[in-house]
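Please read it alongside the sequence and the model.

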Amino acid sequence: MPELPEVTALAEYLDQRLAGAVIEQVRIGAINALKTADPPYTALVGRRVDSVGRRGKFLVLVTEPLPAEDAGTGGGAVDAGPLAVVVHLALGGWVRVTDEVPKAAPPRGKGYVAARFGFVRDGQETGIDLTEAGTWKRLSVHIVRRLEDVPALADLGPEPLAEDFTLEAFRKLLHHRKQVKGLLRDQKIIAGIGNAYSDEILHAAKISPFAIASTLDDDATARLYTTMRRVLTDAIEEDRGHPPDELKDEKRRIMRVHRRAGEPCPVCGDTILEVSFADSALQYCPTCQTGGKPLADRRTSKFLK
């Protein structure tokens, strides 16, 4: 699933390409992906893109109506204020960019297009497809007048790289009796970090993913906070400037432990191990993070009792 660094880089790329463009076309290929009905998606046609940004793991495209003298025959009812398109790419979603406004309706089937947009800026056309692979279709598109109208956005915790997210603010979040891996992934506690970067942060901070957040001492808390911000900042810098079709490969390339079970740890050389759950897995280095002790694998531990 795309996380804070990839979505940041993706938003920056799209903002550079689309800011100021007029929306010429909106087509929905998967009705289950569209989570809102008012305003209708046709209301976007004829509006201008103000910006493309990020909140948590969400892409946020903000549009404004054209001035009356420039407005054409848009496809929907007139909204005088901004409308936002809020996209969560989920596990199998991504963005495909082309150099023309799409002529055909979105295709269905494997890797199908959930939504299709066409933009024009100074005569330059851009097509954007929201694609989703896999059997679990969870990509979501909300079209809203206010960002707080998207429930998951309204519930997000603070941004980990925000200036006002200080060490003291972070320390206050650690009162939870949760494993620190789960705390980092909880979007209501901290926005934007998922399975991959929580693995990377905990490895770099030399903290067990099963450590209880509320038991971390002051040194471990400060180390985790500093490492979290460094790992995310470094990943953004690695991702920045890459077009969308390269960003997923870039994510895999820079990972040191995530999805590298069985490989040597780049720090100490020990073998990276894995703990599997029903729908995910984590990777860690025993020497760097758990005092050399393997963590119980949930798939097999019940058979060893």
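Which residues does C268 touch, not counting residues up to four places away in sequence? C268 touches C285, T287 and C288, where contact means heavy atoms within 4.5 Å. C268 is found in the loop between α7 (244–254) and β9 (273–276). With a relative accessible area of 36%, C268 is partly exposed. Its C-alpha atom is 35 Å from that of W94, and C268 and W94 are 174 residues apart in sequence.

The model is predicted, so local features need pLDDT of at least 70 and side-chain atom pairs count only at pLDDT 80 or more, while totals for chains, interfaces and linings use all residues. Residues are numbered from 1 along each chain as its sequence is written, and side-chain values use heavy atoms, with hydrogens and water left out. Buried means under 20% relative accessible area, exposed over 50%, and partly exposed in between (1.4 Å probe, protein chains only). Helices (H or I, at least four residues) and strands (E, at least two) are DSSP runs, numbered from the N terminus.

**Helix α5**

Helix α5 spans residues 195–205. Because 10 of its 11 residues are buried, α5 is largely enclosed by the rest of the structure. The buried residues of α5 are N195, A196, Y197, S198, D199, E200, I201, L202, H203 and A205. H203 counts as buried at 3% relative accessibility. Leaving aside its neighbours within four places in sequence, H203 is in contact with V257, C265, V267, C285, C288 and Q289. Just after α5, K206 takes a positive phi of about 60°.

**Packing against α6**

Axes are lines fitted to C-alpha atoms, for helices over the stretch in contact, and angles run from 0 to 180 degrees between N-to-C directions. The axes of α5 and α6 are 9 Å apart, and the two helices pack at an angle of about 125°. That makes α5 oblique to α6; under 35 degrees would count as roughly parallel, over 145 as roughly antiparallel, 65 to 115 as roughly perpendicular, and the rest is oblique. The crossing of α5 and α6 is right-handed, a term used if the near helix is turned clockwise from the far one by less than a right angle, with anticlockwise being left-handed. On the α5 side the contact is made by Y197, E200, I201, L202, A204 and A205. The α6 side includes R223, L224, T227 and M228. By class, this contact has 10 nonpolar, 1 polar and 4 charged residues. Here Ala, Val, Leu, Ile, Met, Phe, Trp, Tyr, Cys and Pro count as nonpolar, Asp, Glu, Lys and Arg as charged, and the others, Gly among them, as polar.

Helix α1 (residues 4–18) also meets α6 (residues 218–239), their axes coming within 8 Å and crossing at roughly 40°. These two helices are therefore oblique to each other, and α1 passes α6 in a right-handed crossing. L4, P5, E6, T8 and A9 in α1 meet L232, A235, I236 and D239 in α6. The residues of the contact of α1 with α6 divide into 6 nonpolar, 1 polar and 2 charged.

D219 is placed in α6 and is exposed, with a relative accessible area of 60%.

**Nonpolar cores**

A nonpolar core is a set of buried Ala, Val, Leu, Ile, Met, Phe, Trp, Tyr and Cys residues joined through side-chain atoms within 4.5 Å. The largest such core has 36 residues, and those with the most contacts inside it are L10, L44, L59, F117, F119, I128 and L130. Its largest share, 6 residues, comes from α1. A second, separate core of 29 residues includes F165, V180, L184 and Y197.

**Backbone and loops**

The peptide bond from D38 to P39 is cis, with omega near 5°. P39 is found in the loop between β1 (22–28) and β2 (47–55), and P39 counts as buried at 1% relative accessibility. Leaving aside its neighbours within four places in sequence, P39 is in contact with D79, L83, I143, V144 and R145.
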